[in-house]
Amino acid sequence: GPWDLQLSVAGAEGDEAYGVPWKVVMRFDSELWPTKLAIVRFRGVFHHAMTDEEGAMLMPFYRGVPRDDRGVCTVKLYLQAIHTFLVDPYKSWKIDAEISAKTKFAVEAHRKLSKERLDIIRKYALQARHKELFTKPLWKQEWLGPL
């Protein structure tokens, strides 16, 4: 049956909209993985024009997920694809042609919403009684070794 991997992935360091750790759920089908991709969904409030209203990735993302020399996607490659999406969603979707003004506007509007929401959270974090709840979580490379 299906199984979920829950983790945090951040965009570019210093990016005020997506440069923080975002909770992500990857749902794998144990009978089809790794030849079939896992479904990716952001948990919690996530503002991005290139996800659906529930924070799930749209089909163009899955077409852009890199594969290894065996033609399958590893967890490490998947995490790199999610990171790339947060840093440059057009690159993750492999959009090389001219991007419409409407798409650019939607992406920037969602980026602004995300930044404003995180600005409020950052202001409240300064008043936190337990500051360790707001520290940046770390992950280790060996956790993502070959499967």
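Buried means under 20% relative accessible area, exposed means over 50%, and partly exposed is in between (1.4 Å probe, protein chains only). This is a predicted model, in which local features need pLDDT of at least 70 and side-chain atom pairs count only at pLDDT 80 or more, while totals for chains, interfaces and linings use all residues. Residues are numbered from 1 along each chain as its sequence is written, and side-chain values use heavy atoms, with hydrogens and water left out.

**Exercise 1. Find out whether Phe46 is buried or exposed, and describe its pairing with Trp22.**

Step 1. Start with accessibility: Phe46 has 10% relative accessibility, so Phe46 counts as buried. Trp22 is buried too, with a relative accessible area of 5%.

Step 2. Now look at the rings. Rings of Phe, Tyr and Trp (its six-membered ring) pair if their centres lie within 6.5 Å; planes under 30 degrees apart count as stacked, over 60 as edge-to-face and the rest as tilted. The whole structure holds 11 aromatic pairs. For Trp22 and Phe46, the ring centres are 4.8 Å apart and the planes stand at 80°, so this pair is edge-to-face.

Step 3. Helices (H or I, at least four residues) and strands (E, at least two) are DSSP runs, numbered from the N terminus. Trp22 belongs to strand S2 (residues 22–29) and Phe46 to the loop between strand S3 (39–42) and helix H1 (59–64), so the pair ties together parts 24 residues apart in sequence.

**Exercise 2. Work out where Ser114 lies and which residues Ser114 touches.**

Step 1. Ser114 is part of helix H4 (residues 101–125). The expected span of a helix is 1.5 Å times one less than its number of residues. For the 25 residues of H4 this gives 36 Å, and the end C-alpha atoms are 36 Å apart, which agrees.

Step 2. Ser114 has a relative accessible area of 2%, so Ser114 is buried. In H4, Val107, Leu118 and Ala125 are also among the buried residues.

Step 3. Contact means heavy atoms within 4.5 Å. Not counting residues up to four places away in sequence, Ser114 touches Ala17, Tyr18, Trp22 and His47. The buried residues of H4 pack against S2 and helix H3 (89–92).

Step 4. A polar atom of the Ser114 side chain lies 2.7 Å from the backbone oxygen of Ala17.

**Exercise 3. Decide whether Glu54 is buried or exposed.**

Step 1. Glu54 sits in the loop between S3 and H1.

Step 2. With 58% relative accessibility, Glu54 counts as exposed.

Step 3. Leaving aside neighbours within four places in sequence, Glu54 is in contact with Arg41 and Phe42.

Definitions and conventions:
A polar contact is a pair of N or O atoms within 3.5 Å; within protein, one must be able to donate a hydrogen and the other to accept it, and residues adjacent in sequence count only if both atoms are side-chain atoms.
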